[in-house]
Amino acid sequence: RNLGGIALLERSGFGKMPIVDITEMQIKAFLRSMTKYSDSVIKKTYQQLTAAFKVAVEKGVVERNPMDASDIRRPKSSKKPKDVRGLTQEEQARFLEALRDFKAPRNRNEYKLQLLIELYSGMRMGEINALKPENIDFENGLIHVRSTVSRGLEYRVFIKEGAKTDAGVRDIPINKALEPVLQKAMERKRRNPLGLVFYDHLKNDLITTSQVNCFFHRICKKAGISVRGQHALRHTFATRCIEADVPPVVLKKWLGHKDIHMTLDIYADVFDSMHNSAMEKFEGHVLDIGC
């Protein structure tokens, strides 16, 4: 991702300019041109631009960092945000039925267990495909998330120690729906060079999120469900948690979000939909106490 952001800068005329010659006006013009990209791309490029000027100041190439100017701000994307949603309870039931009935063709991989782990734990798929037996602690009822499958140079996949963010390194409780799925995964585990729970023995390589996505879409098609990708199962887990009154601060930790605002923003619609039931619970509680 970092290299992709740098490549974007390099492709622009702005990125080819000597840093000592760049003016605040040119920075503003470049940032305005970035609005056609997603917010995540803009954020990464803005951070790299800020870091580049910081290094230039430290090395004495420029006297001040123009990115510190009060009128230079990270722009917002003009792209419509992706429709991110979890499955409804009825869709979840149909999905599980289609998943249970699906039979993979001979000599083809199937990723049922990974999808169930995502649905019942909220883990990212890269984290699931990087699991090792020692990360699954049945005795203490915890999954220790300590690594993820990532992409490096030329999009080659590798195991990255640590999660997507610092907050992503976390422990997730093993609930009663998740435990039998993990036990089955451990029973089916076969020896592999990386000692992983899940491994593509047909290709003798790591399992990528895109592989699981293709399988997920086949299941959704059979179930008559329209969603963007298997990440919907992570959102489904979060939605079920909110419906079950799991406190946002707890959900934040389970999902590995950097801060509580991220959790509240992503699932704002779900939290909003719970207002009526929350008021009913409050009224019942007040009446039980007496008024």
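Student: Which residues of α1 meet α3, and how do you know that they are in contact?

Tutor: N2, G5, I6, L8 and L9 of α1 meet V41, K44, T45, Q48 and L49 of α3, where contact means heavy atoms within 4.5 Å. The model is a predicted one, in which local features need pLDDT of at least 70 and side-chain atom pairs count only at pLDDT 80 or more, while totals for chains, interfaces and linings use all residues. Residues are numbered from 1 along each chain as its sequence is written, and side-chain values use heavy atoms, with hydrogens and water left out.

Student: Why is α1 called roughly perpendicular to α3?

Tutor: Helix α1 (residues 2-11) packs against helix α3 (residues 39-58) at an angle of about 75°, with the axes 9 Å apart. Angles of 65 to 115 degrees count as roughly perpendicular, those under 35 as roughly parallel, those over 145 as roughly antiparallel, and the rest as oblique. The angle therefore makes α1 roughly perpendicular to α3. The axes are lines fitted to C-alpha atoms over the stretch in contact, and angles run from 0 to 180 degrees between N-to-C directions; the helices are DSSP runs (H or I, at least four residues) numbered from the N terminus.

Student: What makes up this contact of α1 with α3 by class?

Tutor: It divides into 5 nonpolar, 4 polar and 1 charged residues. Ala, Val, Leu, Ile, Met, Phe, Trp, Tyr, Cys and Pro count as nonpolar, Asp, Glu, Lys and Arg as charged, and the others, Gly among them, as polar.

Student: How is α4 placed relative to α8, and why does it get that name?

Tutor: The axes of α4 and helix α8 (residues 209-223) come within 8 Å and cross at roughly 110°, which makes α4 roughly perpendicular to α8. The contact is formed by R94, F95, A98 and L99 of α4 together with F215, F216, I219, C220, K222 and A223 of α8. By class this contact has 8 nonpolar, no polar and 2 charged residues.

Student: Why is α4 called oblique to α9?

Tutor: Helix α4 (residues 89-101) and helix α9 (residues 231-243) have axes that come within 11 Å and cross at roughly 130°, and that value makes α4 oblique to α9. On the α4 side the contact uses Q89, Q92 and F95, and on the α9 side L233, T236, R240 and E243. These residues divide into 2 nonpolar, 3 polar and 2 charged.

Student: What makes a residue part of the lining of the largest cavity, and which residues are they?

Tutor: A cavity is a set of points, on a 1 Å grid over the protein atoms alone, where a 1.4 Å probe fits but cannot get out, and lining residues have an atom within 4 Å of a point. M123, E127, A130, L131, N135, H144, V145, R146 and S147 line the largest cavity, and this lining divides into 4 nonpolar, 3 polar and 2 charged residues.

Definitions and conventions. On a 1 Å grid over the protein atoms alone, a cavity is a set of points where a 1.4 Å probe fits but cannot get out, and a pocket is an open set with protein on both sides within 12 Å along at least five of seven lines; lining residues have an atom within 4 Å of a point. Helices (H or I, at least four residues) and strands (E, at least two) are DSSP runs, numbered from the N terminus.
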